[in-house]
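Here is a short tour for anyone who likes to read a fold through its numbers. Have the viewer ready and follow along.

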Amino acid sequence: FGSGDISAGALGEFDRSTAAVAASGAQVTRQERRAVTSGTDIAGDIIYRLAPRLGVGVRLDYIHSYPQSSILFRYPGSVNDYTLDTTPLVEIYAPRPGLYYERPLNSWLIFLANGGPAVHFAKYEFARRFIVPGREDDIRQKVTATRFGLQGGLGLELLLNTRAGLFVEV
């Protein structure tokens, strides 16, 4: 899997279903589309310093997203509202060993770089529910995957005092 596969799959299914509803002549009364990237993204590092600027360590990344997208619509001449809901669940764990490097740029700003091999354990579940008066049509998919790769980051740390700082990484 690639970084864009999950977003394209989940939102693509919602977009295809929404396009089919619109093509049928239905009037959309409410639409809410949430990105798969909305959710929790947490990472933590444990680093052992080999030298003042160099360290080795382990990192764990955790990503969890459960956005719901929905559309409420009505067919011409109908008094009933119809609902289409999609709910993808994305959960990824990515542990990795790595090398860590830091270089002070001045007394309050530090440049940081890290990287190493990672294994990604991914779980993806997708549910689509189409509700019409007197009937429901449900689709459920569940997929798991494990992949190896390289993962790293570059960042800046702004030192607030000797024990605290703000950290930004890309």
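## Starting with burial

A residue counts as buried when its relative accessible area is under 20%, as exposed when it is over 50%, and as partly exposed in between. Pro-67 has 4% relative accessibility, so it counts as buried. Please keep in mind that this is a predicted model.

You will find Pro-67 in the loop that links β3 and β4. Setting aside neighbours within four places in sequence, Pro-67 is in contact with Arg-34, Ala-35, Val-36, Ser-38, Thr-86, Thr-87 and Pro-88.

## The chain as a whole

The protein chain contains 1 helix and 8 strands, and along the sequence they come in the order α-β-β-β-β-β-β-β-β. What radius of gyration does the protein chain have, beside that of a compact globule of 170 residues? The chain has 22 Å, whereas such a globule would have a value near 15 Å. Along the principal axes, its C-alpha atoms fill a box of roughly 75 × 35 × 20 Å.

Of the 170 residues, 32% count as buried. The chain exposes about 10,600 Å², with carbon and sulfur atoms supplying 58% of that area. If we take contacts between residues at least 6 apart in sequence, 61% of them join residues at least 24 apart.

Which residues make up the largest nonpolar core? It has 9 of them: Phe-14, Val-21, Ala-26, Ile-71, Phe-73, Tyr-82, Leu-84, Phe-130 and Val-132. At least two residues of this core come from each of α1 (5-23), β4 (69-74), β5 (82-104) and β6 (109-132). Another core, of 6 residues, lies apart from it and includes Val-36, Val-90, Tyr-124 and Phe-126.

Not counting residues up to four places away in sequence, Phe-73 touches Val-21, Ala-26, Gln-27, Val-28, Thr-29, Asn-80, Asp-81, Tyr-82, Thr-83, Leu-84 and Phe-130.

## A nonpolar patch on the surface

Now turn to the outside. Tyr-48, Leu-50, Leu-54, Leu-99 and Tyr-101 form a nonpolar surface patch, and together they have about 510 Å² of accessible area.

One of these, Leu-54, belongs to strand β3, which covers residues 54-65. Is Leu-54 buried, partly exposed or exposed? Its relative accessibility is 36%, so Leu-54 counts as partly exposed.

Key:
Residues numbered from 1 in each chain as written. Predicted model: local features only at pLDDT ≥ 70, side-chain atom pairs only at ≥ 80, totals over all residues. Heavy atoms only, no water. Patch = residues over 30% accessible without salt bridge, like charges linked within 9 Å, V, L, I, M, F, W, Y side chains within 5 Å. Areas by Shrake-Rupley, 256 points an atom, 1.4 Å probe, with all protein chains shown as cover. Salt bridge = Lys/Arg side-chain N within 4 Å of Asp/Glu carboxyl O. Helix = DSSP H or I, 4+ residues; strand = E, 2+ residues; numbered from the N terminus. Buried < 20%, exposed > 50% of the residue type's maximum accessible area, 1.4 Å probe, protein only. Core = buried A, V, L, I, M, F, W, Y, C linked by side-chain atoms within 4.5 Å. Contact = heavy atoms within 4.5 Å. Rg over C-alpha atoms; globule rule 2.2 N^0.38 Å.
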